[in-house]
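Me: I have a model open and would like to go through it chain by chain. Can you take my questions as they come?

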Amino acid sequence: MVTARLPGTVADAHSTATAAPDPAPAPVWRPDDEPSGWRSWAGRVVHHPVVLRLAQVPVVAFVVTIIVFLVAHLLPGDPVTQLTANVNGITPEEVAQLTSQLGLDAGLADQLRSYLVGLLHGQMGISFYSGASVSSMLADALPATVELAVAAVLLAGLLGIVTGIVAARTQGTWVDHLIRGGATIGFSVPWFVVALVAILVFGVWLGWLPILGRLPTSLTYEPTTGFVLVDAVLQGRPDLIGPWLEHLALPALTLAVTSAGFITRVTRTAFLDAQAQQWVRTARMKGLTESAISVKHVLRNASVPILTIVGLMFGGLLGGAVVTEAVFSYPGVGSLLVEAVTRRDYFVLQGSALVIALMFTGVNALVDLSVLAVDPRLRRG
Amino acid sequence: MSTQIQRDESGNIQVPGTMTRRGFMVNAGILGLGAMALGPFLTACSREAATGTGATAAALRKGGTLTFAIDGTNGSLDPAAYTTLGDWLAVDTICSGLTTADFATNEIQPSLASGWTFSADGLQLTLQLREDVKFHDGTLLTSADVVRTFNRQLVDGDASLPTGASRPLRGATARNIKAVEAVDPHTVRLTLGVPDLVLPGRLSHISARILQAAQIDAVGAQLGTTLIGTGPYKLASLAAQQSITLEAFPDYFGGAPALDRLVFQQVADASTLTAGLMSAQVNASSFVSHSSAVSLKANKAVTVYDVPRRVNVFVMMNVTRPVLADLRVRKAINLAIDRSQICANAFAGFADEPKGYALGAVSVGYDPSLADLSSYDVSAAKALIAEAGATGAKVSLIAQNNNWYPRAAQILEENLKAIGLVPTIELLDAGSFSGRFFDVGAHDLALWERNGYVPDPDEQVGNLLSSTGSYGSKGSGVATLKDKADVLAQIDGYLRSACQTSDDAARRDLYTKAQRLYAEQIMALAMVCQTQNIVVSNGASRLGEASLASQRAQLAQAALTA
Amino acid sequence: MAGPRPSVVEVRDLHVDFATDRGPVHAVRGIDLDLAVGQVHALVGESGSGKSVTGLTIMGLTRGPRTTVRGAIRYGGRDLVQADESWMRSLRGRELAMVFQDPMTSLNPMHPVGRQIAETLQVNAGRSRRVARADAVELLDRVGIREPAKAAARYPHEFSGGMRQRVVIAIALACEPAVLVADEPTTALDVTVQAQVLDLMVGLARASDTAVLLVTHDLGVVARYAEQVSVMRSGQILERGPAQAVLGDPQHDYTRALLAAIPRLHGPRRRRLSPVATPG
């Protein structure tokens, strides 16, 4: 150990008796640190960030249900008026009878209570207009929206992250400026402008891509799971895949283009931030190529803000999906929701809103969990 | 438009039976109907001649899939429960009715019924059914099916109805059917409360489509997803919010249809619909917005049809509101509407100014002498307003926020300002709008349209003018006008009598009296124009465009062009 | 002490300028430097003297669009100033290595430490992942980390500053480089840990005949570990020579002032510290 020192230095006053406390408050790992016993295990499970994060999902769902219920019932107009609007000479007694048949004559609190009770039993009500159960309507519509959202996220993510990395790597050059300019235009242009241009150019003038629906009207499709890709495999129907992709292309691209710009900017910033970190210098010192550094050292570290933003954007994407589905007549939960709002089809409205909220919180929970997986500093113990 | 009334030996009114449409067309030519104002419509809608903008008749091919764009589908096709216009077009195609209407000529023709007779007192209508009609599952139609179908909607508490079914058959038949019975396997008798010669026409309504008794009893409320009918196309599959797929029914009693498949595809967005028609991803639609029609007309590949205009556009005035309580104010508003500008700007020219008040040129009962009831006279209007002391009065107008409504509302706003009123315009989504329209506490003026599913003046005008109908009681509140009770009773009397004669001239006379009385004494309805649903096709033909203009589907002959 | 050792790196008339928004910054203004095999050459100066830049430039880590390097850095028969980037990259980690000042940020927080050591072995020594991981454990042992096998799977944030710097040293010396640039390696560490870490680093370097450029502002460190010392101020070297000579008998005023500025334990308690005059 150290004995001789430069004579007269202040340091001599404090000799190395015991190991002094570290300037950094970070937990010091010692091999005999592992706690034991089932009690501590249970404690760790409950406080485990994954469990905590997942537990938020049903809570959010509950709150959303209440809010949507209240908003739906407070909208002016009601389904009974709409249902009977076209019936000549309907009497007030018949209107009252219909109201009571649909369960709309009970007080708001009673209706809410019975709805919640129904939810607990897995019943989401029926559509006033078709009599179909909301859960079956959602089971038909949800896979389409999921396909659209996943395709849009994949496209936007791919486009955004690649351009963002290129912009970061070419920082300051014309390439960087071009990409950043393009990204800003991308998320500034109103979505419907992009949609209309896409429809005109690709649908009408060039005639390359279909602009309506999920599958061509000339194809019969009997859903097993509701997901075309899965069903194509299960049913041995490879002929479904091509048309399905064609129909998915325009809606997914329109959504992706408007969201990718934001991801580009976030990726670029996150990348530059990560690049400026000292450990990148260490990696450079090791003699790694710039690409190896980008992938192994920068990207994983930059991925935390990118993932977080993508998760948040997913909500915007879902909202965009609602409008997308309306414009492209793409049959998903979004168009269900829009129709239900116009028609005051309360149960369908509530069910669709609930499902969309669950999707959003679920995705964000996933994002949070993947951030936990990516960044070991956030893990406890 | 019928000719002489036929009566049989007993003096019963009789309509010639087993007449095909083709046969009737030939007769119409012989009878010189071409000389009437209906001529151009006949030419436009006949199967032989070219349709639309003067294009030469295209060669047709057998088979293929025709894609028809609709406003929406709820995935439930049931004549007892109105859901969307698109769903009802599908019901109209999958099922047939006892009678059918020719929207070009206003004739009521046999369909499932080969003929019918009224009893001498007019309180019983006996219909003979065709014996060769098959349902889509191969079974034959009998009178039991008709009885079961009607009772399903007419009898309260029928268990085979879906929850919330609005049972439109009752209103469509003026709540006049007291009993339905099967005399024998191919004869049905309807017992009525009061005589109603319009009833055979009413039976062509979509709500009167005949279902299969076996299916009603088997699945009842759920038959909306597996509807079996007797129409030219049978239901293959449906997907709510998406599409309804129909397949040809080769044993259709009117002859095997030309197409393999007919798909009603939901297209919710107006610009997507236009793009779809231009690129032939959609072959036909009756839901095109008026503004898009102009650009579609310019497109070579697309045909925009010239069709009868039966859709009434009107401004409903709520007489229970203080500002509108004075008849002079209401008349002034009627005089202030610049109809020609609205037709040109809001409807892009696809509308006619009302020359016969609520009955357009194509209707039975059209009387151009009523043109003065819809004249445009701003100075006279101003004078009336001043006389009533209503200058500067605030008045609100509600309208929907889609299609032609905003532009029309804008023009009306200017019109109302010009006569000295202070208008506010509220544009609402369809759901909120209909709620407020049928609530006398929630609107002053309301701009709306009314489509008649049966080309009979009673269907088009009866409910509008009657004091007991939903418009009178809940829309305009005229039923509350105590001092006008006599006038209202008189109007109702005319409307009733008009249903008890089949003489077109007599009917016209009655409707003229009713309308003039209404306009001069009540004036809770200012007629704006008669318009149409825009019917467009690309790559398809024989769509029965005249009926599509009133959202009725007569697609038995539809085919794709080669 | 042995006789003069052969030079591994010869720096001649090195100038490093940075173009900034406020005009050019002349960080290094014509210095000469020699690093001998297995010896520690200390580069001493205040903050801003250009000593860190010198170390980074030898590594080639100052290269960029705003940097101008003139002069020569001779190593292995080539001039590193003129060498292209791919050549420099092949040298880095293998023959040129660096230990940075702040151990808290020098390691990637998302990779286990074992993997970070193994990385340099895989890239520079061509070892397979399995072999590199095993060697990494051995290296951890050599730098004095307890239970090296378990430690290899742990993340940087689970270690103290001193232990992290040991890991960085392990990374730097893993491939037994010819040159090690240590830029204030212990400044951020606790005083009692500093000596341990320096002992370790210098000991390992000497054992593999690695020439060390020890950039520091601490004259105590110079006295203890360096054979040669260069005193730097404002981008220039003012005095150079064997450490005992320079510290024992400083020739330049600046060096004398530096030495005088060290507070003494003995002597009058209220004596003022004599500041080192900085040039205008």
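Me: Read along the sequence, what pattern does chain A follow?
Reply: This is a predicted model, and in it chain A reads α-α-α-α-α-α-α-α-α-α-α-α-α-α along the sequence. That corresponds to 14 helices and 0 strands.

Me: How much of chain A is buried?
Reply: Buried residues are 46% of the 381 residues in chain A.

Me: What share of the chain A contacts with a separation of 6 or more comes from residues 24 or more positions apart?
Reply: For chain A, that share is 74%.

Me: Next, backbone angles. What is the phi of Ser329(A)?
Reply: Ser329(A) has a positive phi of about 50°, although it is not a glycine. Most residues other than glycine have a negative phi.

Me: Where does Ser329(A) lie?
Reply: Ser329(A) is in the loop between helix 12 and helix 13 (333-343) of chain A.

Me: Buried or exposed?
Reply: Ser329(A) counts as buried because its relative accessibility is 3%, and the cut-off for buried is under 20%.

Me: Which residue of chain C has a positive phi although it is not a glycine?
Reply: Asp13(C) is one such residue, with a positive phi of about 50°. Asp13(C) sits in strand 1 (residues 7-20) of chain C. At 43% relative accessibility, Asp13(C) counts as partly exposed.

Me: Staying with chain C, how many helices and strands are there?
Reply: Chain C has 11 helices and 10 strands. The radius of gyration of chain C is 19 Å, close to the 19 Å that the globule rule gives for 280 residues, so chain C is as compact as a globular protein of that length. The C-alpha atoms of chain C fill a box of roughly 55 × 50 × 45 Å along the principal axes.

Me: What about burial and surface in chain C?
Reply: Of the 280 residues in chain C, 54% count as buried. Chain C exposes about 12,400 Å², and carbon and sulfur atoms supply 49% of that.

Me: How far apart are the mean positions of the positive and negative charges in chain C?
Reply: They are 4 Å apart, for 34 positive and 29 negative charges in chain C.

Me: Where does Gly248(C) lie, and is it buried or exposed?
Reply: Gly248(C) is in helix 10 (residues 243-248) of chain C. Gly248(C) is exposed because its relative accessible area is 60%, and exposed means over 50%. From Gly248(C) to Ala223(C) is 25 residues in sequence and 9.6 Å in space, C-alpha to C-alpha.

Me: Confidence now. What are the pLDDT figures for chain C and chain B?
Reply: Chain C averages a pLDDT of 89, with 95% of the residues scoring at least 70. In chain B the mean pLDDT is 87, and 90% of the residues reach 70 or more. The model scores ipTM 0.84 and pTM 0.75.

Me: Where in chain B does pLDDT stay under 50?
Reply: Over residues 1-56 of chain B. The model has 86 contacts beyond four places in sequence for residues 1-56 of chain B.

Me: Which residues of helix 8 in chain B are buried?
Reply: In helix 8 (residues 270-278) of chain B, the buried residues are Thr272(B), Leu273(B), Thr274(B), Ala275(B), Gly276(B) and Leu277(B).

Me: What do the buried residues of helix 8 of chain B pack against?
Reply: From chain A, they pack against helix 8 (191-205) and helix 12 (290-327). From chain B, they pack against strand 4 (65-70), strand 14 (284-288), helix 9 (290-297) and strand 22 (534-537).

Me: What follows helix 8 of chain B?
Reply: Ala280(B) follows helix 8 of chain B, and its phi is positive, near 60°.

Me: Last one: where is Glu131(B), and what is it in contact with?
Reply: Glu131(B) lies in the loop between strand 8 (124-129) and helix 4 (143-154) of chain B. Setting aside neighbours within four places in sequence, Glu131(B) is in contact with Leu140(B) and His186(B). Glu131(B) counts as exposed, at 57% relative accessibility. Glu131(B) and Met317(B) are 186 residues apart in sequence and 50 Å apart in space, C-alpha to C-alpha.

Definitions and conventions:
Residues numbered from 1 in each chain as written. Chains lettered and ligands numbered in written order. Predicted model: local features only at pLDDT ≥ 70, side-chain atom pairs only at ≥ 80, totals over all residues. Heavy atoms only, no water. pLDDT = per-residue confidence, 0-100. Helix = DSSP H or I, 4+ residues; strand = E, 2+ residues; numbered from the N terminus. Rg over C-alpha atoms; globule rule 2.2 N^0.38 Å. Buried < 20%, exposed > 50% of the residue type's maximum accessible area, 1.4 Å probe, protein only. Areas by Shrake-Rupley, 256 points an atom, 1.4 Å probe, with all protein chains shown as cover. Lys, Arg positive; Asp, Glu negative; His and termini not counted. Charge placed at Lys NZ, Arg CZ, Asp CG, Glu CD. Contact = heavy atoms within 4.5 Å.
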